[in-house]
Amino acid sequence: PPTIRREDYKPFAWLVPEVSLQFELGLEATRVVSTLTVARNAKADPSPMIRLNGDGLEVVSVKVDGEPSNSWTMDGDDLLVTLPGDAHEITVATEIDPSANTQLMGLYASDGMLCTQCEAEGFRRITFFPDRPDVLSTYRVRMTGSAETFPVLLCNGNLEATGTNDDGTHWAEWHDPWPKPSYLFALVAGQLVANTDSFTTMNGREVTLNIYVREGDLGRTGHAMESLKRSMKWDEETFGREYDLDLFNIVAVSDFNMGAMENKGLNVFNTKYVLADEDTATDGDFDGVEGVIAHEYFHNWSGNRVTCRDWFQLSLKEGFTVLRDQLFSQDMGSEPVKRIEDVRVLRGAQFPEDSGPLAHPIRPDSYREISNFYTATVYNKGAEVIRMMRTMAGEEAFRKGTDLYFERHDGEAATCEDFVRAIEDGAGMDLQQFRLWYSQAGTPKVSVQLEHDGDTATLHLSQQVPATPGQPDKQPMPIPLKLALFDRESGRHSGEELVVLDKAEDTFTFGGFASKPVLSINRGFSAPVTIERDISGEELVFLAAQDDDPFARYEALQDLVVSHLKQAVEGELDDAARTEARNAIAGAFRAVLVDENLDDLMRGELLVLPSETYLAETMRIADPGRIHEERQALRAAIGIALEDELAAEYQTAASVPSDLSAEARGARKVKTQALLYLAAGNPERGRELAWEQYRNARNMTDRQGALMVLAGMSGIERTNALLDFYNRYKGNALVVDKWFALQASSMHPDVLEHVKALADHPQFTLRNPNRARSLYMAFAHNPHGFHAEDGEGYRLIADVILALDPINPQTAARFVPQLGRWRRIEPKRSAMMKAQLERIAEAPKLSRDTYEQVSRSLG
Ligand code: HT7
Ligand code: ZN
């Protein structure tokens, strides 16, 4: 497959101001007639023909200006039509089979309904079209279909007319007045019911809101609706963005490749991010719904009103929208807890990407298959990069920059450069060097040393941006670091400062310190970097207990744990040193357990151990088996040392009422953490507590927490709880997904055998992405199972990739990065991982998606 390069961008030779689409809908056969009004683009190189992209389509007929035409040819999958004049009307008829569309891109059938997914290049699977984001058109769509099979007919924009025909069909005509690229087109037809509500915008526009679901799911849409209304209000208040149609529709579908899609006025969602009630969704699931609803809604401005010029600019909409949804969630709940969670995601998903064979800048330079670039780098690092601009500019100036961006580029297909320039102009700052964050991949390492002499503290900072594929040499980037210097005696600091390290090395001095202060740096995680600091265990314990920045406090605890586990894994500790370090860590955790100034949401967060993936990431070459052993042993040691305190916390938390208040959610979080430690330290007691919690649970958070612990243990309680859970929820696909995932991510010694057996379960299928991920993605991210010493975990995931590739290549390709970590794993496992990648590479007829990921991983 050819490589597409950012530097080759050229505007399209034709404008397509208007599109008219007619659909005759059928699950097995849908006929599409599209009429495009086209005119020469004066800003592009002229061309005598227009290229209309297609993917697996066959031409039924072509007309130019209403007359049948044969001045067309095929170029691969694309249709080329020769046009003599400056303006024409092209009409193309095609016929597609949605029921055969297992890729879930374009128009497909899901559970008896029809729906679409067009981003990034799915529209070309529906009809021939210049399927690129810089071609903006208004759409008029007429859909006709069986009134019985498709009672609800939805499309973008406003519903203008409906009618019935004598043959049992009915029709609806929709018009979207906002010009949009084809990737934002959407159509849904099926048997659906709606939760309907309304929102009045800041200028008094009344917007009807609908959340469409299957009939039995209506009772679980309340949280999504409240989240939507909160998002609409927040975007008005925080970014001055008002909704721009009279109707906003959301549809939940159970077969979906990603989380959701921001189609103009008709968002399509994975059911996972719409449906929630206390019996079936955890507190984390509730947060997921709120965050994704907000994210898609915010795209209405950051993505739809201002869209991307080309797919290299994906982070323009995704990085910015992730930042917007993160800020929203921070405002709706606990700001520090949300920040810690976001950093945990970044470290768990993006840091490994940045240090592996698939590393790419947030604005990539080339790709073969764009679906492979919907990554944590483009999304989450992209958000961090914009967050840094906000930190340096200050909130108010940043808002001036975003206002200018929306005003300048409304209705346009813009670039990341446009965004940076608008922030520069609006906020009044120079971001020349900062642009390197868009072009350089890799997580910068910042080394920190603090010296003290007389009454002066001198801070030495240096940075190194590691080499990444295709980028051997890097330049220093501006790194904004929030810091504070604490007086050891009083436990206070004299104010937070922001320093920007923009050279390879720099020195900063601070006066007025009679004794050496304790440095708290990268507070709030002001920059997405790794910090190597010269800091003692006592200083970390001090910060873990005293730092007034909750993130820095969390970070000190994490550092304490990480540095101990690294030493332990690398064989640097004798028994005495190991015991001493474990005692210090247990002491720091005890302080967290008894600190009355902490709320439980934060307490629960502070108790989370760094993940095995993150620990592996901190080591040049990781031994996953040793990491697992040492982390589990530390958990057990903490569980033993703090058994009384943990049990007391557990009991207090267990007495808090079961509702969705912050207090109750915090209590549940602490309870789950306490249970994990207690079960590790005293398995018998843990098993009893977990079984009791399982039986008495009044919400999914408690039930799932208990089942998670039991799933990792042996014994009759495990069997009974898993059986009970399945029988209770076997009619609910999202909860059955949890049942698969809990077993696949468990610490049970036989997890690999369990996963193999579950693949034969009657409810398992590779065709539904949620189900496939619930078993296999959970397993691939379970280092304990995936990195089984004999390499069987690798073989299993390679088999999955090969089996899934012909069905759903996008989903298949998303498993490859786990095997792609082979260079960072100890030699024996590394060779087996590589061998599996080579086996996949040799398979005949690999999809473009999987081929690209495998070849980059081996390259
Ligand atoms: N913008 C949406 C991306 C998306 C997507 C991409 C490729 C294949 C399927 C997809 N479904 C949704 C989601 C978002 O970031 O909001
Ligand atoms: Zn998005």
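# Reading a predicted model, feature by feature

Analyst: N522 sits in the loop between β30 (518-521) and β31 (530-533). Helices (H or I, at least four residues) and strands (E, at least two) are DSSP runs, numbered from the N terminus. This is a predicted model, where local features need pLDDT of at least 70, side-chain atom pairs count only at pLDDT 80 or more, and totals for chains, interfaces and linings use all residues. Residues are numbered from 1 along each chain as its sequence is written, with chains lettered from A and ligands numbered from 1 in the order in which they are written.

User: Is N522 buried or exposed?

Analyst: A residue is buried if 20 or more other C-beta atoms, placed from the backbone, lie within 10 Å of its own, exposed if 12 or fewer, and partly exposed in between. N522 counts as buried because it has 23 C-beta neighbours inside 10 Å. Its phi is near 60°, a positive value in a residue other than glycine.

User: Which loop holds K845, and why does K845 count as exposed?

Analyst: K845 is in the loop between α27 (827-842) and α28 (848-858). K845 counts as exposed because it has 7 C-beta neighbours inside 10 Å. K845 is not a glycine, yet has a positive phi of about 60°.

User: How many bridges join β5 to β9?

Analyst: Two strands pair if DSSP finds at least two bridges between them. Strand β5 (residues 59-64) runs antiparallel to strand β9 (residues 87-96), with five bridges joining them. Within this pair, K63 has T91 of β9 as its bridge partner. Strand β6 (residues 67-68) is also antiparallel to β5, through two bridges, and V64 is partnered by E67 of β6. β5 and β6 form a hairpin with two residues between them, and D65 in the turn has a positive phi of about 50°.

User: Which residues come nearest to ligand 1?

Analyst: A residue is near a molecule if its C-beta atom, placed from the backbone, lies within 6 Å of it. Ligand 1 has 15 residues around it, of which E119, N257, M258, M261 and S371 come nearest. Two or more residues of the shell come from each of β20 (260-261) and α2 (283-298). For residue classes, Ala, Val, Leu, Ile, Met, Phe, Trp, Tyr, Cys and Pro count as nonpolar, Asp, Glu, Lys and Arg as charged, and the others, Gly among them, as polar. The shell around ligand 1 holds five nonpolar, six polar and four charged residues. E119 is also joined to A120 by a cis peptide bond, with omega about -5°. A120 is in the loop between β11 (113-117) and β12 (137-146).

User: Where does ligand 1 lie relative to the domains?

Analyst: Domain bounds come from an automatic or database domain assignment. Ligand 1 lies between domain 1 (1-191) and domain 2 (307-439), because both give residues to its shell.

User: Which residues touch the most other members of the largest nonpolar core?

Analyst: A nonpolar core is a set of buried Ala, Val, Leu, Ile, Met, Phe, Trp, Tyr and Cys residues joined through C-beta atoms within 7 Å. The largest has 240 residues, and L187, V188, V251, V268, V274 and I797 touch the most other members. Helix α10 (residues 550-569) gives the most to this core, with ten residues.
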